[in-house]
Amino acid sequence: MCGIISISSDKPFTSEELLTRLKRLEYRGYDSWGYWNGKKLTKEIGRITISDDKEPVTQAISHTRWATHGGVTQENAHPHRAGKVTIVHNGIIENWREIKKDLEAKGKTFLSETDSEVIVQYLNHEREQGKEIHNIIPAFMNTFKGTFAALIMVDGDENVYAAKRDSPLALGICDGRLILASDIYAFSDITKQAIFFDNDEWAIITPKTYMFYKDGKKLDKQPQTFEWETLEEDKKEYPHFMLKEMHEEPSVNRRLIDSLATDQKESFEKLVSLIKKARKTVFTAAGTAYHASLLGASFLHQCGVNAQAIIASEFENFITIDKDTLVIAVTQSGETMDVIEALKYSKANGATVASIVNVPYSSIERMSSLSLQILAGQEVAVASTKAFTNQASMMLALAQAFGYENGLDALPKKLSGILSLEPELKTLAEELHEQHDLYVLGRKLGYPVAREIALKIKEISYVHAEGMMGGELKHGTIALIEDGVPVISLIYDDDAKMRGSTQEVRARGARVVVIGTTKDADIVIPADSEAEFAILASTVGQLLAYHIALARNCPIDKPRNLAKSVTVL
Ligand code: M6R
């Protein structure tokens, strides 16, 4: 989380341009923001407001924050400054307490509660001992444990310095300027050339030159050309990016299906053969991508493939990995730190690592031996919608290569049909929006979907929602069912067990909403297979969650406490 950016330019630029670029990274965190341009330090709480400061400058660093250490206050906002040194930082310093104690003992006074301020106080202290910044940075990288992408400016020095370990950092090569940023969105409108930092590299940047170093040696790093559609800054006719992105599902789904038969055919076949070769296939992911992974594991399991899905943050605790294991990371951003850690663990244990990503050139794509793209296009809303649909469709495509029932080709059209259910779902949302608790039940493929619908409702409408296995209800949770409690039941093809679970809650007074395939369902999904039902019911859930959040007047695209890209553990 947190977005950082610096501009080093031949020609003067203003804070307006810097902040317009920083705004492109706001999805990474939006608690507070700030910048330093060599003349002025600004720190503010809340969303980035584009400054009218017209002062021309040639270098600046800036930051948009998702708070980890210390609350959302102006003091804790970045940049942090000590003496003549100013920094912005994305990541988490693990040994900050020890270093802070040491610096305090040497007389340093800290102004914030952040781990990041320890970096700037350390750099400043070392400078005060007469050391040069280019000698201090390698020492900083040896001394500090944890993750960082840090940008550093020193008063009177024309360079911007950058250092990276685990948190993402890229250098955009632009006409007359170099831009360092957490990801390529920050500069993808003006260049297609970038250099991606690898772990433990640091660099010295001027407007025209860059020098990369690692382990005391100068590196010869060359720019690579990236292809990525420019940022969708425009919501078009939609009031929210989330709604726009749901409405893109039919077209991006078609794009994915077509690419698996053309551009991505070879990679797709390679992934299929990796699965065939492996003794077991383990998907790992977080949040929504984990729910898509559960679908994938179930699809493959039904084809006789030994497949599992393990949540990334608990990966090491629940699975044995060896050289015969194929680990497939599933991630929209390609930057989720829990997933990166799970992959490092997998590699250390000899597994082959592949990935299914949305954002190209992301850290996870670059650490995989094979990567497929879901081609959902940029997802701006924090709640993942079209990415989930394409992740689940990629899973279905994989399963089809192992003989699973067909149906993928009809999906884009059926997704359009689901979007036309929006008025019904809006009415339902208006009825449900004042509830405090809500339960979503599913079985088989309906179970991951139940969890996904509940997650969508929680994250954007702040209503407590629990997605669970219908069969598990009677083992405890049914105690919470009383008159009027809403329960959404996902029932494919009149499934007797789900009917049973539904009756059990109805008998205890629940307000039951059936999303199913039979005519008596409250929301009827025209699915010809269980897999199709699972994917289409998820989109129904996205629309329902959206309208519940709308009725509750929530800030849908940027819910409280969240960020689009979760780059901390
Ligand atoms: O970028 P990733 O797919 O790795 O992100 C994983 C989760 O953080 C993400 O899916 C999150 O759960 C969404 N905000 C849910 O809508």
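At what angle do the axes of helix α6 and helix α13 cross? In this predicted model, local features need pLDDT of at least 70 and side-chain atom pairs count only at pLDDT 80 or more, while totals for chains, interfaces and linings use all residues. Residues are numbered from 1 along each chain as its sequence is written, and side-chain values use heavy atoms, with hydrogens and water left out.

The axes of α6 (residues 249–261) and α13 (residues 411–419) cross at roughly 170 degrees and come within 8 Å. Helices (H or I, at least four residues) and strands (E, at least two) are DSSP runs, numbered from the N terminus. Axes are lines fitted to C-alpha atoms, for helices over the stretch in contact, and angles run from 0 to 180 degrees between N-to-C directions. The crossing makes α6 roughly antiparallel to α13, a label for angles over 145 degrees. On α6, the contact (heavy atoms within 4.5 Å) is made by E249, P250, N253, R254 and I257. On α13, L411, P412, L415, S416 and L419 take part. By class, the contact has six nonpolar, two polar and two charged residues. Here Ala, Val, Leu, Ile, Met, Phe, Trp, Tyr, Cys and Pro count as nonpolar, Asp, Glu, Lys and Arg as charged, and the others, Gly among them, as polar.

An automatic or database domain assignment gives domain 1 (3–225), domain 2 (232–418) and domain 3 (421–569). The C-alpha centres of domain 1 and domain 2 lie 32 Å apart. Their contact takes 14 residues from domain 1 and 12 residues from domain 2. Together the two domains bury about 1100 Å², 53% of it on carbon and sulfur atoms. Buried area is the accessible area (1.4 Å probe) that two parts lose on being put together, summed over both. In domain 1, D166, Y185 and F196 lose the most area to domain 2, together 41% of what that side buries.

Two salt bridges are counted between domain 1 and domain 2. A salt bridge is a side-chain nitrogen of Lys or Arg within 4 Å of a carboxyl oxygen of Asp or Glu. By this rule the count comes to 40. D198 and R366 form a salt bridge at 3.7 Å, N to O. D189 and R21 meet at 2.9 Å, N to O. D189 lies in the loop between β10 (177–181) and β11 (193–196) and R21 in helix α1 (residues 15–23), so the pair ties together parts 168 residues apart in sequence.

H78 and P79 are joined by a cis peptide bond, with omega about 0 degrees. K444, a residue other than glycine, has a positive phi near 55 degrees.

Definitions and conventions
Angles under 35 degrees count as roughly parallel, over 145 as roughly antiparallel, 65 to 115 as roughly perpendicular and the rest as oblique.
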